[in-house]
Every structure is written in C-alpha cells, then in structure tokens.
Amino acid sequence: MEAYSSRELLCIPGINKSYAIETAYVTELCRQAQLSRIPCMPEHYAGVCSYKGNIIPVIKLHSGEDAGVAEERLAGEHVGEDSLLLVVSCGKYQLGILFTGESYILPAGTAEMVESPAEMGGSGIWVEKEICRYENEILFVIDMEKTVEGLIICQ
C-alpha cells in the first residue's frame, strides 16, 4: 500500500459505502437548499435546485435500497436538517450531490491506497477510480470526469 498523496479528499460517509471526492471538484457545501422534483427522472435524481442563478441537477448519493435511510421529502421543500448538498464542478458542468452525515476533509498523504481490481466497476452512477483507507474506513474515490460523462450520456 502506498500513501494517497495526489490531492485532499472530501470524505462523505455512506450507508453501505463511504465515498471521497477530490477537493478540486468541490464548489460549496450547502445546508439550506430548496429542491424541486422533476417527473419521470431516474430514481437517483433528487431533483433540481437553483444555485447562484443556475439550475443544477441534484443526485442522491444513495439510491435504491440504500435510499431508505437517506430518503427526504423533496417536493418544493427544503433539504432536511441532517442532509447536505455538495455542489461540485467538473469542466463546464455543475451538479449537486445530496447526502446525510458528517463530511470531513482528509489532507493529502494521510490515506493509504488499497490495491484494487484492474477494472473497477461502478456503484450505480458513481464511477470509482481508486480505493483508499484512512484509519478503519475504506473510501471509494469518485472519478468525477467519468461520472459526469455517464450522467450526460443519460445512463
């Protein structure tokens, strides 16, 4: 195992999996956000929200079976008090990631990379590029470019 030293990571605790996003993609972490649902969208979409004059899609960190714990009442309501909206930017695209729990920043060089399969499969819509360990937690580092590309192509 070697130290994951390329960048700082924003770690998001999950229900069955914990994720990490390189801080270079993070724009803002919001507690107060008003979401609007859009009918007939895939279940991983929580809706859309207005962020600094732009309408951005909001995606649930967990969907399907995992979403039971993190499900929110979204239709025209504010995000629950225990939920956070992480706004990320990748190239010219922005999106929000809705999650519950306390996030934290992992400084560069503090996590150990774990040897992972050559062809890492995705976790639903999230494309993972690396797996790393910090203390007793395994973190799946999200490949934002490939994830956003998959969302644009309408997975």
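**Close-up 1. The salt bridge between K52 and E28.** In this predicted model, the side chains of K52 and E28 meet in a salt bridge, with 3.7 Å from N to O. A salt bridge here is a side-chain nitrogen of Lys or Arg within 4 Å of a carboxyl oxygen of Asp or Glu. The pair links distant parts of the chain, 24 residues apart: K52 is in the loop between strand 6 (45-51) and strand 7 (54-60), and E28 is in strand 4 (residues 26-30). Strands (E, at least two residues) and helices (H or I, at least four) are DSSP runs, numbered from the N terminus. K52 is exposed at 67% relative accessibility, whereas E28 is partly exposed at 28%. Buried means under 20% relative accessible area, exposed means over 50%, and partly exposed lies in between (1.4 Å probe, protein chains only).

Residues are numbered from 1 along each chain as its sequence is written, and side-chain values use heavy atoms, with hydrogens and water left out. Because the model is predicted, local features need pLDDT of at least 70 and side-chain atom pairs count only at pLDDT 80 or more, while totals for chains, interfaces and linings use all residues.

**Close-up 2. The salt bridge between K17 and E128.** The N to O distance in this salt bridge is 2.7 Å. K17 sits in the loop between strand 2 (9-12) and strand 3 (18-22), and E128 belongs to strand 12 (residues 128-134), so the pair links distant parts of the chain, 111 residues apart. The relative accessible area of K17 is 23%, making this residue partly exposed. E128 is buried, with a value of 7%.

Close-up 3. The side chains of E22 and K129 form a salt bridge of 2.5 Å, N to O. E22 lies in strand 3 and K129 in strand 12, so this pair ties together parts that are 107 residues apart in sequence. E22 is buried at 5% relative accessible area, and K129 is partly exposed at 30%. R7, E22 and K129 are linked in a network of salt bridges. The salt bridge count for the model is 4.

Close-up 4. A disulfide is a pair of cysteine sulfur atoms within 2.5 Å, and the model has 0 disulfides. For C49, the closest cysteine sulfur is in C30, 7.3 Å away, which is too far for a bond. For C132, the closest is in C11, at 6.8 Å, also too far for a bond. C49 is buried, with 4% relative accessibility. C132 is buried as well, at 0% relative accessible area.
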